[in-house]
Amino acid sequence: NSTTPGKAAPLRLVARSGLESAAVDLDVVFLGTSGSAPTARRAPSATLVRRGGERLLIDCGEGTQRQLLRSDVGLVDLEEVFLTHLHADHFLGLPGMLKTFALRGRDVPLTVRGPRGTRALMASMGRLIGRLSYELDIGELSPGETLTRDGYRLQAFSVSHGVEAIGYALVEEPRPGRFDVEAADRLHVPPGRERGSLQRGEAVVLTDGSVVQPEDVLGEARSGRTLVLTGDTAPAPSVVEAAAGADLLVHEATFLADEGVRARETGHSTAGEAALVAREAGVKLLALTHVSSRHGGAAVEEE
């Protein structure tokens with residue numbers, strides 16, 4: 001909420017892997033953090049998750065493509081868009097973005113995934129979007145479904161919003177233990193290909209015929225990172241379960257404590273309730289989004 005207008009705010013979670021020169025970046029760019037309506041400083045819901053070369057857009061509220069253009073990210077040719085639910089403030093930016101991609105002559109397929117009802121929604125917008133220059137793959141996910149990727153999985157989980165709605169958890173696979181350079185030197189493992197093989201968990205045969213096992217030069221395996229995004233939700237045990245021990249929980253905070261009744265009526269959370277969810281789940285970092293235009297970041301942070 002305190003970022004310069006028009007500048008995307010990246011929250012970066014970096015983990016080193018392989019030998020010291022290799023790295024896999026995981027970061028989050030908050031394109032839209034407002035509640036149901038935009039403000040002069042903030043756009044409706046849209047969050048870009050970047051892992052290595054992959055780009056996952058979670059929700060696509062009004063003005064998302066303009067936020068991308070005004071940010072340091074730019075309007076990249078996204079390959080996947082994930083909707084948390086089908087309220088207008090979470091998808092109204094999608095038709096314009098799809099059309100812009102076509103105007104630019106895009107020919108790479110694009111996937112849109114969301115809860116039940118996503119196919120019907122996209123079909124109803126067909127006349128608005130018009131003809132596209134690329135294949136549009138529409139799919140639906142249910143709570144508990146998992147998409148397996150290279151090095152991580154994307155899990156859909158249930159939330160509490162009074163409509164068909166899901167959250168998403170990006171869970172990385174365990175990473176190899178840290179490479180012990182001194183141990184490799186003692187075992188006469190030459191720099192280069194052999195050390196890379198050991199880091200990947202493969203045994204190597206040295207020129208003298210001796211065999212070096214990965215466990216000879218690697219420490220204990222390290223857990224991967226977990227990133228959880230709720231979309232709109234009231235406090236829910238399913239969120240606590242999905243976010244257990246997460247490195248980052250992105251949780252909505254539409255209201256403050258004095259609006260608790262309204263929060264319950266609309267299936268939203270107060271900032272304090274989001275904090276309690278984070279504390280119960282034992283997350284390392286909490287990011288509050290979907291903040292009503294009635295509130296400033298300072299008041300939300302204080303609660």
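The model is predicted. The chain comprises 303 residues, of which 51% count as buried. Its secondary structure consists of 10 helices and 15 strands.

**Overall dimensions and packing**

- The C-alpha trace spans about 70 × 45 × 35 Å along its principal axes.
- Among contacts with a separation of 6 or more, 59% join residues 24 or more positions apart.

**Helix α2**

- Helix α2 covers residues 94-103 and is mostly covered, with 7 of its 10 residues buried.
- The buried positions are L94, P95, M97, L98, T100, F101 and A102.
- Just after α2, G105 adopts a positive phi of about 80°.

**Charge and salt bridges**

- The chain carries 33 positive and 41 negative side chains, and the centres of these two sets lie 6 Å apart.
- A search of the whole structure finds 16 salt bridges.
- Side chains of opposite charge can pair when their charged atoms come close.

**The E172 and R225 pair**

- E172 and R225 form a salt bridge with an N to O distance of 2.7 Å.
- This pair links distant parts of the chain, since E172 belongs to strand β10 and R225 to the loop between β12 (211-212) and β13 (226-229), 53 residues apart.
- E172 is buried because its relative accessible area is 5%, under the cut-off of 20%.
- R225 is likewise buried, with a relative accessible area of 7%.
- R51 joins E172 and R225 in a network of salt bridges.

**The R153 and E173 pair**

- R153 forms a salt bridge with E173, and their closest N and O atoms are 3.4 Å apart.
- R153 lies in strand β9 (residues 152-158) and E173 in the loop between β10 (166-172) and α5 (181-186), so the pair ties together parts 20 residues apart in sequence.
- R153 counts as partly exposed at 26% relative accessibility, and E173 is partly exposed at 34%.

**The E265 and R262 pair**

- E265 and R262 form a salt bridge whose closest N and O atoms are 3.8 Å apart.
- Both residues lie in helix α8 (residues 260-266), 3 residues apart, which is about one turn of the helix.
- E265 counts as exposed at 56% relative accessibility, whereas R262 counts as partly exposed at 46%.

**Negative surface patch**

- D258, E301, E302 and E303 form a negative surface patch.
- E301 is placed in helix α10 (residues 297-302).
- E301 counts as exposed because its relative accessibility is 67%, over the cut-off of 50%.

Conventions. Residues numbered from 1 in each chain as written. Heavy atoms only, no water. Patch = residues over 30% accessible without salt bridge, like charges linked within 9 Å, V, L, I, M, F, W, Y side chains within 5 Å. Areas by Shrake-Rupley, 256 points an atom, 1.4 Å probe, with all protein chains shown as cover. Salt bridge = Lys/Arg side-chain N within 4 Å of Asp/Glu carboxyl O. Lys, Arg positive; Asp, Glu negative; His and termini not counted. Charge placed at Lys NZ, Arg CZ, Asp CG, Glu CD. Helix = DSSP H or I, 4+ residues; strand = E, 2+ residues; numbered from the N terminus. Buried < 20%, exposed > 50% of the residue type's maximum accessible area, 1.4 Å probe, protein only. Contact = heavy atoms within 4.5 Å.
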